[in-house]
Amino acid sequence: MKASMLIGAVLGGAAEEDCKIVESLAGKVGLAFQIQDDILDVTGDQKVLGKEAGSDERTRRQLM
């Protein structure tokens with residue numbers, strides 16, 4: 001998330017200070033996305049998610 005947003009700012013000619021603002025915002029947007037994804041993994045509907053609910057937790061357990 002950060003990389004794609006920051007690349008857009010850089011290619012768009014943003015000043016260094018503006019790039020720092022974009023980078024900070026991108027981190028917050030990325031965190032919000034991850035929180036939503038984690039909540040949906042626990043409470044979501046497989047038809048809506050496109051994956052089985054709880055699959056992130058099962059994958060995490062397999063990696064441990």
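Student: In which helix does A9 lie?

Tutor: A9 lies in helix α1, residues 2-11, where a helix is a DSSP run of H or I with at least four residues, numbered from the N terminus. The model is a predicted one, in which local features need pLDDT of at least 70 and side-chain atom pairs count only at pLDDT 80 or more, while totals for chains, interfaces and linings use all residues. Residues are numbered from 1 along each chain as its sequence is written, and side-chain values use heavy atoms, with hydrogens and water left out.

Student: Why is A9 called buried?

Tutor: Buried means under 20% relative accessible area, exposed means over 50%, and partly exposed lies in between, with a 1.4 Å probe and protein chains only. A9 has a relative accessible area of 10%, and therefore counts as buried. Leaving aside neighbours within four places in sequence, A9 is in contact (heavy atoms within 4.5 Å) with A14, C19 and V22.

Student: Why does D41 count as buried?

Tutor: D41, which lies in helix α2, has a relative accessibility of 4%, so D41 counts as buried. Beyond its neighbours within four places in sequence, D41 has contacts that include L49, K51 and E52.

Student: What makes α2 and α4 roughly perpendicular to each other?

Tutor: The axes of α2 and helix α4 (residues 55-63) cross at roughly 100° and come within 7 Å; axes are lines fitted to C-alpha atoms, for helices over the stretch in contact, with angles from 0 to 180 degrees between N-to-C directions. Angles of 65 to 115 degrees count as roughly perpendicular, under 35 as roughly parallel, over 145 as roughly antiparallel and the rest as oblique, and therefore α2 and α4 are roughly perpendicular. The contact is made by D37, D38 and D41 of α2 with S55, D56 and E57 of α4.

Student: Why is V29 called partly exposed?

Tutor: V29, whose place is in helix α2 (residues 16-43), has a relative accessible area of 34%, and so V29 is partly exposed.

Methods: Helices (H or I, at least four residues) and strands (E, at least two) are DSSP runs, numbered from the N terminus.
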